[in-house]
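Q: Before any single residue is discussed, could you show me how a structure of this kind should be read?

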Amino acid sequence: MSRIDDAVERILRVKFILSLFEDPLADLSLVNQLGSQEHRELAREAVRKSLVLLKNGKITSQPLLPLPKKAPKILVAGTHADNLGYQCGGWTNQWQGVSGNNFTVGTTILSAIKKTVDPSTQVVYRQNPDANFVKSNKFDYAIVVVGEVPYAEMFGDSSYNTRTWS
C-alpha cells in the first residue's frame, strides 16, 4: 500500500503542477488534429526509437541490417506482421485493443516492407509457416514479427486466467 500511496502522490503532484484540476475537460477545438499527418509522423518516430532488435547478424563487424532493398526473396512471418490492431496494442482503438486492419488507418509492417523493397523483390507472407515451407522456398531473408495480443490492465496479468473475479 505504501508503494501505491507514493505513486498516487507523485501523479497528483504533477497534475497539480500542470493545473489539470483547474480546467479538467479537454480542449475539443483540437479534436480535428487527432490522427493528422504530423501526429502520424511523430508516432512513426516513436516506433523507430522504441523498436528492439535482438540480434543484427552473426558477425558484429558485418551487421545484417539494414537489408538490401533489392533482395530476391523475403519471407515475412508472424502474427503481428499484417495486423494493425495487434501492432497498435491496447488503449489505442479500444480499451483492450483489437485484432485486424479495419479499425484504424495505418501501415502494417508487411505493407511497409512491400512499399520499401525494390519492385523485383518477391515478398512472401505466411503467418505461421512450417519448416518445410521455409526450407523449400529458399528465402534470402526472413522477417518475423511477433508480440503480445493487445490488452490493458488485468487482462495482461499472467495470473488473470487462474483467478475468480466477482
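A: This is a predicted model, and confidence should be read before anything else. Over residues 161–166, pLDDT stays under 50, and the model has three contacts beyond four places in sequence for this stretch.

Q: What is the mean pLDDT of the protein, and which elements have the lowest and the highest mean values?

A: The protein has a mean pLDDT of 84, with 89% of its residues at 70 or more. Among the elements, strand 2 (residues 122–126) has the highest mean, 97, while helix 3 (residues 84–88) has the lowest, 83.

Q: Is His80 buried or exposed?

A: Burial is judged from relative accessible area, with buried meaning under 20%. His80 has a value of 6% and therefore counts as buried. His80 is located in the loop between strand 1 (73–77) and helix 3.

Q: Which residues surround His80 in the model?

A: Setting aside neighbours within four places in sequence, His80 is in contact with Tyr86 and Gln87, and also with Val145, Val146, Gly147, Glu148 and Val149.

Q: Is Met1 buried or exposed, and where is its place in the chain?

A: Exposed means over 50% relative accessible area. Met1 is at 71%, so it counts as exposed. Met1 belongs to the segment before helix 1 (2–17).

Q: Which residues form a nonpolar patch on the surface with Met1?

A: Ile4, Val8, Leu12, Phe16 and Phe21 form this patch together with Met1. The accessible area of the patch is about 630 Å² in total.

Terms used: Residues numbered from 1 in each chain as written. Predicted model: local features only at pLDDT ≥ 70, side-chain atom pairs only at ≥ 80, totals over all residues. Heavy atoms only, no water. Patch = residues over 30% accessible without salt bridge, like charges linked within 9 Å, V, L, I, M, F, W, Y side chains within 5 Å. Areas by Shrake-Rupley, 256 points an atom, 1.4 Å probe, with all protein chains shown as cover. Salt bridge = Lys/Arg side-chain N within 4 Å of Asp/Glu carboxyl O. Helix = DSSP H or I, 4+ residues; strand = E, 2+ residues; numbered from the N terminus. Buried < 20%, exposed > 50% of the residue type's maximum accessible area, 1.4 Å probe, protein only. pLDDT = per-residue confidence, 0-100. Contact = heavy atoms within 4.5 Å.
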